[in-house]
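Hi,

Here is the structure I promised to pass on. Have a look, and my notes follow below.

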Amino acid sequence: MLTVHHLRLSQSERIVWLCEELGLDYDLKLYTRRTDNNLAPDEYKALHPMGIAPVITDGDLTLGESGAIMDWIVAMHAPGTDLVPGADDPDFADHLFFYHWANATFMTNGLMTLVAGRMAEGGQIPPFVADRLAKSYAIIEHRLGEADYFGGRRLTTADIMMGFQLTTSRAMSGQSVDGMPNLKAWLKRIGERPAYQRAMAKCEPGMTPKLD
C-alpha cells in the first residue's frame, strides 16, 4: 500500500497533489510540526535518514526526495500518464527544465533568501541573493506568458513540483506576486483544479491555499 507521510506546511503536499491528480488509492498520514522549534516531530524524522519531508512508504520501500518520489509513483502506479510528456512531445524539454529547476534552483534561491534575511544585520538581504530570487520570478513570469503551464500546454509534474514554493511557501514567507499577471493566472488555474482542492483540504485542513 502506498502511504504518503505529510508533514504539515511542507513540500510533501506535492506528493498528495500528485496522487489526487492520478486518482490513486493511497493512505495519507499527517504529522504536525513541533511547537518549540517548528520542526518535524521525532516520529517523522525516524522515517528516513534525512529526517525531512517528503517521505513515502510503498510496501517494503521507504523513499525520500520530491523528484525521486514523484518519478517512483509515476513509474510504479501510473505509467503512461499524460502528466509526464514523452520524449517526442514538443513540451518535453520545457517540462524537464521546470521539473528539475523547481528544487535545484528556485526553491534553493528561496531558502537562501530566507536564511540570508535572518542572518543579515537588520534583515537586509544581500544584493546578489535578492538578484537571484528576482531572476527566478522573472523566468516564471516569462514562462507563464508563453504557456498556460510550466510543463507546456497542459499540467505536468513540473507544475506540481513548482506549486509548493509558489503557494504554501509564500504564505509563510510573505513573498508578493504583485505585478505578475501571468503567475496570478496560473495560480487561479491551479486553484480551480478539483485534484488540487482535494489535496489541500487533506494536507492542510482549515487553511485557505495561498493563491494570490
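Phe-106 and Tyr-137 are both buried (under 20% relative accessible area, where exposed is over 50% and partly exposed lies in between, with a 1.4 Å probe and protein chains only). Bear in mind that this is a predicted model, where local features need pLDDT of at least 70, side-chain atom pairs count only at pLDDT 80 or more, and totals for chains, interfaces and linings use all residues. Residues are numbered from 1 along each chain as its sequence is written, and side-chain values use heavy atoms, with hydrogens and water left out.

On to the rings. I paired Phe, Tyr and Trp (its six-membered ring) when their centres lie within 6.5 Å, calling planes under 30 degrees apart stacked, over 60 edge-to-face and the rest tilted. That rule gives nine aromatic pairs. In one of them, Phe-98 and Trp-101 have ring centres 5.7 Å apart and planes at 80°, so this pair is edge-to-face. The two sit three residues apart in helix H4 (residues 92-119), so about one helical turn separates them. Helices here are DSSP runs (H or I, at least four residues), as are strands (E, at least two), numbered from the N terminus. Both Phe-98 and Trp-101 are buried.

Back to Phe-106 and Tyr-137: with centres 5.4 Å apart and planes at 80°, their rings are edge-to-face too. This pair links distant parts of the chain, since Phe-106 is in helix H4 and Tyr-137, 31 residues away, is in helix H5 (residues 127-146). Ring pairs also join up into a cluster, with Phe-97, Phe-98, Trp-101, Phe-106, Tyr-137, Phe-150 and Trp-186 in it.

There's a charge over a ring as well: the charged end of Arg-189 sits over Tyr-149, 5.6 Å from the ring centre. The test for that is NZ of Lys or CZ of Arg within 6 Å of the ring centre and within 35 degrees of the ring normal.

Helix H1 (residues 13-22) is mostly covered, with ten of its ten residues buried. Among them are Glu-13, Arg-14, Trp-17 and Cys-19. After H1 comes Gly-23, with a positive phi near 65°.

Cheers
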